[in-house]
Amino acid sequence: MAPKRPNGAGAFPKPVEHPVPKPPTSDALYAALDLGTNSCRMLIAQPKGSQFHVVDSFSKSVQLGQGLEQTGKLSRASMARTINAMRVCRQKLHRHKVDRMRLVATEACRRARNAQHFIASVKRETGLTLEIIQPEEEARLAVISCAPLVSTKSDQLLVVDIGGGSTELVWIDLTNVPPRERPRAIMRLHSGFRQDPGPFAAAKVVDWISVPLGVATLRDQFADVEDDSARFALMSWFFEENLEKFAPSASEQEREGFQIVGTSGTVTTVAASHLGLRRYDRTKVDGLRMTSDQIDTVIQGYLKLGEAGRRADPRIGKDRQALIMSGAAILQTLMRLWPTDRLSVADRGLREGLLYQQMSADGVLEDAPY
């Protein structure tokens with residue numbers, strides 16, 4: 001797999017009047033929908049200062065990419081499940097009278113031969129328009145969503161977004177940015193990894209990669225391996241092989257001032273397990289810092305539980321238990337390869353990035369450094 005516009009003579013013409021778009025107000029609602037390989041997730045939010053306040057949300061495991069590895073197509077069953085979820089999203093959008101939105105699809109739809117047929121079906125059945133975004137935009141949106149978690153002490157930053165069908169990694173050099181300006185410099189990447197930052201100090205994107213292996217696709221690669229520990233080891237090895245050409249892994253980096261920010265269901269589940277949460281609490285997870293040893297302890301605990309034990313573990317949850325070990329293999333590999341022993345946990349990602357992007361473009365965020 002490869003990481004892919006004569007009658008009436010003498011009369012004055014009547015001017016054409018174009019309607020002026022109504023400018024957004026501070027109480028306008030925005031929506032962001034992320035349709036991935038495994039899940040359909042949506043946020044509806046309102047601008048609040050330099051951030052936003054979530055008004056409503058939706059999350060459903062639809063397994064859109066089920067069987068995609070074998071057939072290259074989205075199955076009828078997975079498309080039907082997803083369209084049903086999209087109907088719920090449409091109801092929420094109509095109820096809240098949302099007219100500013102971005103509804104995006106990622107890796108499964110990028111790869112499926114029948115993706116355009118599916119997009120047309122969604123439009124016909126729900127009235128919603130999905131757009132398939134490319135890997136660079138997906139990576140960029142994940143990066144800007146994590147900007148508030150960037151330490152002012154970080155000279156080098158790796159943002160990792162582990163999805164269902166792909167994993168995006170972005171390496172950013174912040175050494176030329178004054179410490180207090182570093183989170184803002186990350187936010188300015190919303191318009192592109194290669195850009196003129198104007199009068200602002202720039203965050204330099206040294207390298208980025210989209211690996212077509214996420215928690216669902218990596219699991220499917222080794223579904224025929226029965227032994228739990230062997231399957232985990234093989235998944236870790238295979239993911240590392242796919243990182244071979246990513247520049248940072250090819251040279252030594254300084255440990256001091258290096259930060260990894262991880263965003264995904266895998267990362268937040270590992271964090272919740274570490275904290276011993278029987279009921280998920282975002283306020284305790286988002287922004288948590290974990291050491292490599294703490295992450296390894298949780299993962300070894302998952303292996304000791306075995307498949308049956310993981311299914312029964314309330315910290316993992318029914319939707320995540322089938323995917324947690326492939327995600328753990330990706331996470332452990334990254335912590336082994338990169339020069340830091342700490343991970344910042346982000347309970348945020350593509351949807352938050354989409355909201356920041358829309359709100360900043362409309363100028364409704366206060367003190368936004370764009």
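Select helix H13, residues 350-362, in this predicted model. H13 is mostly covered, with eleven of its 13 residues buried. The buried ones are Leu-350, Arg-351, Glu-352, Gly-353, Leu-354, Leu-355, Tyr-356, Gln-357, Gln-358, Met-359 and Ser-360. Now place a distance between the end C-alpha atoms of H13: the helix reaches 19 Å from the first to the last, close to the 18 Å expected at 1.5 Å a residue.

What do the buried residues of H13 pack against? Show strands S1, S2, S3 and S4 together with helix H5 (135-145) and helix H6 (182-187); these are the elements that the buried residues of H13 pack against.

**The five-stranded sheet**

Five strands form an open sheet here, in the order S3-S2-S1-S4-S5, and the pairing is mixed. Strand S3 (51-61) and strand S5 (131-132) stand at the edges with a single partner strand each, so one side of each has no neighbour in the sheet. H13 packs on this sheet, where it touches strand S1 (30-35), strand S2 (39-48), S3 and S4. The direction of H13 makes about 145 degrees with that of S1.

Strand S4 (residues 100-105) and S5 run parallel and are joined by two bridges. Pick Ala-105 and look across to S5, where Ile-132 is the bridge partner.

**A loop residue**

Select Asn-114, which sits in the loop between helix H3 (107-111) and helix H4 (115-126). Is Asn-114 buried or exposed? Asn-114 is buried, because its relative accessible area is 13% and the cut-off for buried is under 20%. Apart from neighbours within four places in sequence, Asn-114 is in contact with Lys-73, Leu-74 and Met-79.

**The largest cavity**

Rolling a probe the size of a water molecule over the atoms shows where empty space is left. The largest cavity holds about 80 Å³ of space. To find this cavity, select the residues that line it: Thr-37, Asn-38, Gln-63, Gly-65, Gln-66, Leu-68, Glu-69, Ala-216, Thr-217, Arg-219 and Asp-220. Which helices each supply at least two residues of the lining? Colour helix H1 (68-71) and helix H7 (215-221) to see them. H7 gives the most to the lining, with four residues.

**The six-stranded sheet**

Move on to the other sheet in this tour. Six strands form an open sheet in the order S8-S7-S6-S9-S11-S10, with mixed pairing. The edge strands are strand S8 (204-211) and S10, and each pairs on one side only. Neighbouring strands of this sheet are turned by 20 degrees against each other on average, direction ignored.

Zoom in on strand S11 (residues 342-346). Four of the five residues of S11 are buried, so this strand is largely enclosed by the rest of the structure. Strand S9 (residues 258-263) runs parallel to S11, and four bridges join the two. Select Gly-262 to see one of these pairings: the bridge partner in S11 is Val-345. Strand S10 (residues 289-291) pairs with S11 in the antiparallel sense over three bridges. Here Arg-289 stands opposite Ser-344 in S11.

**Last stop: helix H12**

Select residues 324-337, which make up helix H12. At 1.5 Å a residue, the 14 residues of H12 should span 20 Å, and the end C-alpha atoms are 20 Å apart, which agrees. Why is H12 described as largely enclosed by the rest of the structure? Twelve of its 14 residues are buried, so H12 has the rest of the structure largely around it. The buried residues are Ile-324, Met-325, Ser-326, Gly-327, Ala-328, Ala-329, Ile-330, Leu-331, Gln-332, Thr-333, Leu-334 and Met-335.

How values were computed
Residues are numbered from 1 along each chain as its sequence is written. This is a predicted model: local features need pLDDT of at least 70, side-chain atom pairs count only at pLDDT 80 or more; totals for chains, interfaces and linings use all residues. Side-chain values use heavy atoms; hydrogens and water are left out. The expected span of a helix is 1.5 Å times one less than its number of residues. Buried means under 20% relative accessible area, exposed over 50%, partly exposed in between (1.4 Å probe, protein chains only). Two strands pair if DSSP finds at least two bridges between them. Contact means heavy atoms within 4.5 Å. Axes are lines fitted to C-alpha atoms, for helices over the stretch in contact, and angles run from 0 to 180 degrees between N-to-C directions. On a 1 Å grid over the protein atoms alone, a cavity is a set of points where a 1.4 Å probe fits but cannot get out, and a pocket is an open set with protein on both sides within 12 Å along at least five of seven lines; lining residues have an atom within 4 Å of a point. Grid points are joined across faces, edges and corners, and a volume is the space filled by probe spheres set on the points.
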